[in-house]
Amino acid sequence: MAGVGVGTFIISPVVTSGQQQQQNLVLIYTFGQASGSLYIPGSTTVLPITVEMAPAFTARNPFITIQAAGGGSGAGYSAIINQQTDIAAASREPKTSEISSATAAGVKLITWIIGADAIVVIYNSQGLGVGEVNLTRAQVGEIFNASAKGTGPVYWDQYVPGAPHQPITVFIREDGSGTRGDFESDFQVDKTGTWPGVTKVTSNGLMISSVKSQQYSMGYVALSYYTAEKANPSSPIGGVNVAYNSSYSYETPDINGVISWAKAKITNPGVYTGGYFACRWLYYITDGFPEPGSLIDRYLGFVYSSAGQAIIDSVGYVSVERAGLTLGLPYWYYSTPIVWN
């Protein structure tokens, strides 16, 4: 019967190199007899937004089915380019190779800024014996570059006074990950590094669990995952306070820092004026502009409504509304759509 809601969780493990590296969360909401469906794969950073957006949207559109999946930003771009989906999610801009592939496939690649996020450098605090970890951007880069180039190990007491002489074990994200790409750009990590002996994990959730399970380790995650983890007072996960360079103060990664970054990007892009710098926009991706009245059009319209923007804030990110972009017009009037080819 129309108006009766059914929510189904499906966990699909993805096995890589003989080890279970990821569990993709697939969430299907079906309300009534579906007259249309959306499949939204891609960034695990954006996944919590889609998971919360889906039931709110389908409650207003009772004949629609929405399926959300992870896989990483690279998987999102690939799904759009290969025309396997009509909308996908990403936490980074497309690579040059992805733009070229889209052009060759006749796909007009468009990204829609839906919110803002921070990348948090996380560490396992168990046994460190220090209250906080303060590092400059260059120091974080040095730690990860040592692993990228195989010139390590580096030790905790080299960077944190009072810490033990223990090697820093790092975890990184998979190739194509938006979080990894932005992290390496923000912290000047060698993108051509071969990362000998380093473990790659395929989602934000697995990054949290990997760092928790390995004493003296370090990694990086999206802000909402870090905030959710810190709600557990017994968790050993800590967040590094980072200074842009030695001339600036150490900044704590939090929602206020993302708001300041987003407002600065809107009013004065390209200029660093202080605050937590390792922030980025979050995107939905489409092939061209949606047809008026289409399912994609209705979904994006809801995402950019006040109700949709409130959901993005509630998940732990910063909506474009909260960042200071004007709402009230149809979403395609915003400055957020970026046409790449």
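**Exercise 1. Find what share of the residues in the protein is buried.**

Start with the cut-off: buried means under 20% relative accessible area, exposed over 50%, and partly exposed in between, with a 1.4 Å probe and protein chains only. By that rule, buried residues are 53% of the 341 residues in the protein. Keep in mind that this is a predicted model, where local features need pLDDT of at least 70, side-chain atom pairs count only at pLDDT 80 or more, and totals for chains, interfaces and linings use all residues. Residues are numbered from 1 along each chain as its sequence is written, and side-chain values use heavy atoms, leaving out hydrogens and water.

**Exercise 2. Work out where pLDDT stays under 50.**

First, pLDDT is the predictor's confidence in each residue, from 0 to 100. Its mean over the protein is 85, and 86% of the residues reach 70 or more. Next, look at residues 1-34: here pLDDT stays under 50. For this stretch the model has 85 contacts (heavy atoms within 4.5 Å) beyond four places in sequence.

**Exercise 3. Describe how helices H1 and H10 cross.**

Helices (H or I, at least four residues) and strands (E, at least two) are DSSP runs, numbered from the N terminus; the protein has twelve helices and 15 strands. Axes are lines fitted to C-alpha atoms, for helices over the stretch in contact, with angles from 0 to 180 degrees between N-to-C directions.

Step one: the axes of H1 (residues 47-60) and H10 (residues 295-303) come within 10 Å and cross at roughly 110 degrees. Step two: H1 is therefore roughly perpendicular to H10, since angles of 65 to 115 degrees count as such, under 35 as roughly parallel, over 145 as roughly antiparallel and the rest as oblique. Step three: Thr50, Met53, Ala56, Phe57 and Arg60 of H1 meet Leu295, Arg298, Tyr299, Phe302 and Val303 of H10. By class, this contact has seven nonpolar, one polar and two charged residues (Ala, Val, Leu, Ile, Met, Phe, Trp, Tyr, Cys and Pro are nonpolar, Asp, Glu, Lys and Arg charged, the others, Gly among them, polar).

**Exercise 4. Now try H2 and H3: what is the angle between them?**

H2 (residues 73-81) and H3 (residues 96-104) pack at about 15 degrees, with axes 9 Å apart. The two are therefore roughly parallel to each other. Gly74, Tyr77 and Ile81 in H2 meet Glu98, Ser101 and Ala102 in H3.

**Exercise 5. Decide whether Ala228 is buried or exposed.**

Ala228 is placed in helix H8 (residues 223-230). Its relative accessibility is 55%, so Ala228 counts as exposed.
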